[in-house]
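Subject: Structure handover

Hello,

Here is the structure I said I would pass on. My notes follow below it.

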Amino acid sequence: MALVFAVYVPTLNDYFHGDDYLAFIDLTTKEPWPQIRDVFAFADSNVYWRPLGHVYYFAIYSLAGLDAYYFHLASVGLLMLTLVLLYKFSVGFGLNRHIALAAVLIFGILPNHVVSVAWVTNAPRLLAVLFALWSLVLVQQCLRKDRRRYEVLAFLAMALAVLSDEVAVSLTPLPLLYALLSQRSLLEHKLANSLRLIAFGALGLAVTILQFTVGKTEGEIAPAVISLTQFGIGPHIPREFWALASKLVLPTEDGVTLTDIAPAQWVAGAVAGVLALMALVAGTKRAWFLIAWIALALAPFTLWETPIAPARYVYMAAVPFAILLAWSAASLIGAIWRWRPFVIVQRAGLSTALYLLVALIVGAGGTLAAQETIARNETYARQAEPYRALAENLPRALPSVPPHSRLVIYYGVWDGSFVWQDAVVQTIFKDRTLTTVNVDAELSEELSVIPLPRDIVVYYTERGFILPSLSRPTQQPSTMEPPKRQPGDTGVPFAQPGVTIPTDTPLENTNIPVVPPEAPPTPEPSPTPPN
C-alpha cells in the first residue's frame, strides 16, 4: 500500500478538470439543504445521477472549500481503503496472503485507472467500488458465520454503491452470485437465496427503471453530455466489450477513441476473451464468479453507441481482473515449478537463482506499470492546468460579473466541451446565469463574435486576463433573460452562449455570425495586476 500511495502522490498536485465543475455548480450557487434535495430528485446541475457522490463533494467543500488538494487527497484515501477491502475479500475468497497482496499491487499500479483517481468527477465511482467490495466482504462473513445482520449490511452497502454512481447498478447481482457459487447445496439455502434474489434484484431493477424513466436527459437543468438517447442494445455491444477488454488486459496505450487502441491491445483483448470462454467451460466456480464480475462491471459502458473506450471505464472491472491475474500467475508459476526440468534445476541447488529471476521479472513489470501510471497522470495534469488559469486568474481581472453576462474570451486555450467552461465560470462567480464563448488564438486573428448587450470581452495571455476598457462590466442589475441553450448542443460553433470554436473547423463550413476583423482595442491595465 505504501508503494501504491507513493505512485499516486503526484495526483495531489493536480488541479480540477473542467468536467469537475459540473458537479461543483450547486456547491456555490445553492444552499445546503436544497442542493442535497435536488441531487436525489434529478434536479441538480450535474449530468449524472450520483446523489451520494454529491454528498461526498459537499462534505469536502464544507471542510476545505474548493481546494483541489483536499479533493485529490480524499480520492487517494478512497483508493487506499479499496485496497484494504480487496485484500480482505481475496483472503476470504480462499486465496493465500501472497496472492491477495499480489492482487492489491496489480490493482494499485494498473495504469488504466490513474485518471479514475486523479479526475475528481470520478470519485463517486471510487465510492461505488468501495461499497460494492464491502458488500461482498459482508456476504462472505454472513456465509461463514451465518449471522443475518451481515446480510442486511451487505444490502445497505450495495445500495450505497448504487447511490454513489449509477453504473454500479450492474454490480447488484454479485452478492447473490457469490452466495450461489459458494454453497454446496442450493436447496438447503433456498430461502436465503430467494430473499437475496428479491432484495438485490429489486434494488437493481428499481434504479434501472428510475434512470430510464425520470433520469437525466439533455436540457437546461442538466445539459447532459451523455443522454439516454445515445444508449441502446445492438451490434455495437460486442465491439465495445472487445475494446474495453483490450484496454483492461494490456494498458500500453491511452486514449479515448477506438482508433487509439493499438493492434497488440486488440489481440490481447481477443486472447483474453478466448481464455475467459475456456475458463467458463473447464474452470472452477471461483473463476466463473470473477469472469462474471468482470463482464458485469464492463456491461454499462458497452451500451453507449458512441465508439469510445476511455481507460477509466475499466475501473470497476479492474478489481476482479487483478484477483484473476494474480491467481492465474501464481498457479502458472506453481505449475512451472513442478515441471520436471525445473525440479532437476532445484535439486542442483539453483533454487535461489530461479527465485531471483522471478523476482526480477515481477519487479520489472511493476516498475513499468508504475512509470506508466505516473506518466499518464502527468498528461492528465497538463490537460487540467488551463482550468486553473480560468478559475484562479479570471476573478483577478474581473472581481465581479453582472448576472446574465456572456464572457467572450479571445485567444482562449480551452478546447473541451463548452459546458465545462460555463461550469467553471458559474462556480467561481456563484452565478448560474453566466455563459462563455471561447475563441482560440487562430480564430481570434480572423473574426470577431457579434456582440450582445451583456457581453464582457477579455483577452487571455500567459500572464493572465486583460480586460479592455470598452467592455468593463456595469454593476447595474439586468432585466434580460439569459440566452437559451438548445437541447443537443455539443459545442458546434454557433455564436451562442458557451460555444467552443474548434480550430479545425473551416469558417466557410459554419454559420457563425461574425463581423469583419478589427484590430483589438489597446488594453488598459486591469484593476488588479494580472498574475
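Does Trp-242 count as buried, partly exposed or exposed? Trp-242 counts as partly exposed, because its relative accessibility is 41% (buried is under 20% relative accessible area, exposed is over 50%, and partly exposed is in between, with a 1.4 Å probe and protein chains only).

Some ground rules come next. This is a predicted model, in which local features need pLDDT of at least 70 and side-chain atom pairs count only at pLDDT 80 or more, while totals for chains, interfaces and linings use all residues. Residues are numbered from 1 along each chain as its sequence is written, and side-chain values use heavy atoms, with hydrogens and water left out.

Aromatic rings

The structure holds 31 aromatic pairs. Rings of Phe, Tyr and Trp (for Trp, the six-membered ring) pair if their centres lie within 6.5 Å; planes under 30 degrees apart are stacked, over 60 edge-to-face, and the rest tilted. One of the pairs is Phe-93 with Trp-327: the centres are 6.4 Å apart and the planes stand at 85°, so this pair is edge-to-face. Phe-93 lies in the loop between helix H5 (68-92) and helix H6 (97-109), and Trp-327 is in helix H15 (residues 315-337), so the pair ties together parts 234 residues apart in sequence. Helices (H or I, at least four residues) and strands (E, at least two) are DSSP runs, numbered from the N terminus. Phe-93 is buried, at 6% relative accessible area, and Trp-327 is buried as well, at 14%.

Trp-242 pairs with Trp-266: their ring centres are 5.0 Å apart and the planes are at 75°, so this pair is edge-to-face too. Trp-242 is in helix H12 (residues 236-249) and Trp-266 in helix H13 (residues 263-282), 24 residues apart.

Charges over rings

The charged end of Arg-286 sits over the ring of Phe-93, 5.8 Å from its centre. Likewise, the charged end of Arg-50 sits over the ring of Tyr-48, at 4.1 Å from the centre. The test is NZ of Lys or CZ of Arg within 6 Å of the ring centre and within 35 degrees of the ring normal.

A residue in a strand

Asn-438 is in strand E2 (residues 435-440). Asn-438 counts as buried, because its relative accessibility is 2%. Its side chain reaches the backbone oxygen of Trp-414 at 2.7 Å.

Regards

Conventions:
A polar contact is a pair of N or O atoms within 3.5 Å; within protein, one must be able to donate a hydrogen and the other to accept it, and residues adjacent in sequence count only if both atoms are side-chain atoms.
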